[in-house]
Amino acid sequence: MSNLVPYILEHLLIVLIATGISVAIGVVLGIISYWVRFAAQIILWFSEMVQTIPALALLAILMVIFGLGNATIIAGLALYALLPIVRNTYTGLTSVPAPIKEAARGMGMSKLQRLFLVELPLAFPLIFSGIKISVVNSLSIAVMGVLIGAGGLGFPIYRGIQTQNFRLIMSGAIPVVIMAVLFDYLMSLIQKRLTRH
Amino acid sequence: MITFQNVSKSYGRKLVLDNLSFEIKEGQFVILIGPSGCGKTTTLKMINRLVKPDSGEIYINGINIMEQNPVELRRGIGYVIQQIGLFPNMTVEQNISVVPKLLKYPKERWQSIVRELLEMVNMPYEEYAHKYPSELSGGQQQRIGVLRALAASPPIVLMDEPFGALDPITRDALQEEVKKLQKKLKKTIVFVTHDMEEALRLADTIVFMDNGRILQMASPEEMLRNPASDIIKEFMGRHINSRGPAELYVEDVMRTRVLKVPKTLKVLECLDRMDRWEVNSVIVLNEDDTYAGTVQLEAIQEHGKVGHEIGELVSQDTPTVSRQCKAQEVLDQLLDSPYKYLVVLNDDRTVAGLITRTSLTKAIGEALWGAKS
Ligand SMILES: Nc1ncnc2c1ncn2[C@@H]1O[C@H](COP(=O)(O)OP(=O)(O)OP(=O)(O)O)[C@@H](O)[C@H]1O
Ligand SMILES: [Mg+2]
């Protein structure tokens, strides 16, 4: 069991880095979509299109750019995670009630002040739920990383399949499931606290 | 202090403000009122540049607001909206201190402002400062909305139907508070409502708008006395009668539904009509519709001859008054005279109506205690 720990840690690290990148890009794209109506259509269309590409095909394409290894799976996960984050950021910002936006404007907040003091804080619960979806998805998709030479829990699963070693397969799959359930549970708890007001 | 010069605005092909010009003086409580869609909100939002005029100029203290930075302009103008618009992610204290913080007041300064303001509306700092808007009642939320607008002591405060969504008791209390605050802090307040009662209660000046134009701009007293058009009259509805009894005129208290008959009517026919109207006296008119006199039922019973005309029995003993007489003067006449009523005449001596003791008592009662709704 202890020899699994490095795989688990690497798996987590890959997902967290990918999520970090995805949040950074996704929230910015969400904000741009909110500010520039014209950009919204393009950005939302692009993130949706990415989602329709099968994971394996996406990884294969990215491999051409990033080569074998963790970089490719991180890029793939980040792209995959984009849609829920962009969409929820956009929806969250657009659905801040009009009177609140008007009050903020009428009181003399600049566009950036409105964004950071009012709109983003109010949209945050929804953005966070987008991040949760991304993380949980990424935890399972990351398993495919092994096919393009990345680390993580995909490795023991793949080896188990090759050697028809059921115990090895489970030793990789169970931690993935546990992590997914755990993250979903913990992040849902946080989300509940966020939406209290 | 605030000057509109030939301001117009259209949305699409609809002209919303039609060449509006007016001036609001410093320290005045000005109320914009009028039917829904007449352009009150649009006018108000132009003052803090939330809406841009298509043409015309707006000056504040002689400076064209289009030449000012909109963000800075707004920080100097308080703004309260009907939906309150408190920031749900901020505590009461944070909400009130938004503008002072934007203006970079030091912490001690904005904190003492928050304390002072909360005290003014009897919401103790310790109890309320750290609550979130969702933990407050509607009335408390709107109080905070008003305080938030006052926090940086702006000389001008704009309010768009701030109390429209509140229950009558809370609304009463808040109107009282706002009026007091305005007197104490000497603000210029521009306030939108479509509740005439609110307008009469709060305003120094009422601006009555319709279809993007100003129909009348006057003090509440003046508007009650001389409403410039029928729409205004209609808007004021029962308030037009609810000035003090001292300001009632005969035309306000008279009955207009009265039985009038021509001189030439036959006695029997006249009796018939009086019977149907259930009255025991009748007003008689000359051929040109001017007032000829009255006939009492007793007179007909004593002297009436079948087939004769009613004109033969006319008496001119019933006192007459002009419709522009003060009701107060008429009251004495009515109480002193043996007649149960007075005839009200127009300037051309046609009959406008009559005043009975009942109609007068009712009108005075309404003026004192308000109309029964
Ligand atoms: N953003 C907008 N786009 C198009 N039309 C608008 C817009 N804002 C206002 N209008 C129209 O302009 C007219 C005046 O609107 P405004 O909000 O100033 O009226 P109001 O007097 O405040 O009415 P209410 O008493 O209903 O609040 C209305 O006919 C309204 O439909
Ligand atoms: Mg309005």
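Biologist: Which atom of ligand 1 does the polar side-chain atom of B:T41 lie 2.6 Å from?
Modeller: An oxygen atom of ligand 1. That is a polar contact, meaning a pair of N or O atoms within 3.5 Å; within protein, one must be able to donate a hydrogen and the other to accept it, and residues adjacent in sequence count only if both atoms are side-chain atoms. Bear in mind that this is a predicted model: local features need pLDDT of at least 70, side-chain atom pairs count only at pLDDT 80 or more, and totals for chains, interfaces and linings use all residues. Side-chain values use heavy atoms, with hydrogens and water left out, residues are numbered from 1 along each chain as its sequence is written, and chains are lettered from A and ligands numbered from 1 in the order in which they are written.

Biologist: And B:G37, what does it use to get 2.8 Å from a ligand 1 oxygen atom?
Modeller: A backbone N or O atom. B:H194, on the other hand, places a polar side-chain atom 3.4 Å from an oxygen atom of ligand 1.

Biologist: How much of ligand 1 does the protein bury?
Modeller: 60% of the 630 Å² that ligand 1 exposes when taken alone. Those accessible areas come from the Shrake-Rupley method with a 1.4 Å probe; for residues, only the protein chains shown count as cover.

Biologist: Nice. Which residues are around ligand 1?
Modeller: Among them are B:Y11, B:K14, B:V16, B:S36, B:K40 and B:E161, where near means a heavy atom within 4 Å. The helix α1(B) gives the most to this shell, with 3 residues. Helices here are DSSP runs of H or I, at least four residues, and strands are E runs of at least two, numbered from the N terminus.

Biologist: Which chain B residues lose the most area to chain A?
Modeller: B:R74, B:F87 and B:N89, together 27% of what that side buries.

Biologist: How many salt bridges are there between chain B and chain A?
Modeller: The count is 1: A:E102 and B:K45 meet through their side chains at 3.0 Å, N to O. The cut-off is a side-chain nitrogen of Lys or Arg within 4 Å of a carboxyl oxygen of Asp or Glu.

How values were computed
Buried area = accessible area lost by both parts, 1.4 Å probe.
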